Amino acid sequence: MSRKPAFTSFSETTAEDWENIFSEQASMYTELPNRIIDHLKLLKGDFSGFPVDRLNHCLQTATLAQEADESEEHVVCALLHDIGDTLASLNHADLAATILQPFVSEENHWMVKHHGIFQGYHFFHHIGLDRNMRDQFRGSPN
Ligand SMILES: [Fe+2]
Ligand SMILES: [Fe+2]
């Protein structure tokens, strides 16, 4: 049973308070995968002008990665690459990359963070952007 903390600012906290906080947060961490899946499901039915909804797009992307014999981590990155669409509609790749960062390699984090610029080669010229924006990363170690 947790006790109600008495502090009103960080400066008033004690080691016992922080032990309690970390204990309480443990369930937050263990439930993280379920929250991510729940959030991924929010993409169901959101077509936004595309022929498949965003959830199916994510599933298709992960399936392609799996069929290409990519690592499990890469497949998870593919599955979650657009999970930021609902909350970070203007910078969704950044949100997905931030969620994944503690759990994936620097290379896969970079891939998720920059996926929009690389896929832009196929359509940026239709929306007034430079389809070769990806060229800024030529020579990048990732
Ligand atoms: Fe995306
Ligand atoms: Fe995507």
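Let's start in the middle of the fold: the largest nonpolar core has 15 residues, and Cys77, Leu80, Ala96, Ala97, Leu100 and Val112 touch the most other members. Such a core is a set of buried Ala, Val, Leu, Ile, Met, Phe, Trp, Tyr and Cys residues joined through C-beta atoms within 7 Å. A residue is called buried if 20 or more other C-beta atoms, placed from the backbone, lie within 10 Å of its own. Helices α3, α4, α5 (92-100) and α6 each supply at least two residues of this core, and α5 gives the largest share, five residues. Helices here are DSSP runs (H or I, at least four residues), numbered from the N terminus.

A word on what you are looking at: this is a predicted model, in which local features need pLDDT of at least 70 and side-chain atom pairs count only at pLDDT 80 or more, while totals for chains, interfaces and linings use all residues. Residues are numbered from 1 along each chain as its sequence is written, with chains lettered from A and ligands numbered from 1 in the order in which they are written.

Now pick out leucine 80. Leaving aside neighbours within four places in sequence, leucine 80 is in contact (C-beta atoms, placed from the backbone, within 7 Å) with Ile36, Leu40, Ala96, Ile99 and Leu100.

Next, see how the helices pack. The axes of α3 (residues 54-67) and α4 come within 7 Å and cross at roughly 160°; axes are lines fitted to C-alpha atoms, for helices over the stretch in contact, and angles run from 0 to 180 degrees between N-to-C directions. The two helices are therefore roughly antiparallel (an angle over 145 degrees) to each other. On the α3 side, the contact is made by Cys58, Thr61, Ala62, Ala65 and Gln66, and on the α4 side by His74, Val75, Ala78 and Leu79. These residues divide into six nonpolar, three polar and no charged.

Helix α4 (residues 72-80) also meets α6 (residues 106-113): their axes come within 10 Å and cross at roughly 20°. That makes α4 roughly parallel (under 35 degrees) to α6. Here Glu73, His74 and Cys77 in α4 meet Asn108, Met111 and Val112 in α6.

Finally, stay with α6. Which of its residues are buried? They are Asn108, Met111, Val112 and Lys113, and what covers them includes α4, α5 and α7 (115-119).

Terms used. Parallel < 35°, antiparallel > 145°, perpendicular 65-115°, else oblique. Contact = placed C-beta atoms within 7 Å. Nonpolar A, V, L, I, M, F, W, Y, C, P; charged D, E, K, R; others polar. Buried ≥ 20, exposed ≤ 12 C-beta atoms within 10 Å, placed from the backbone.
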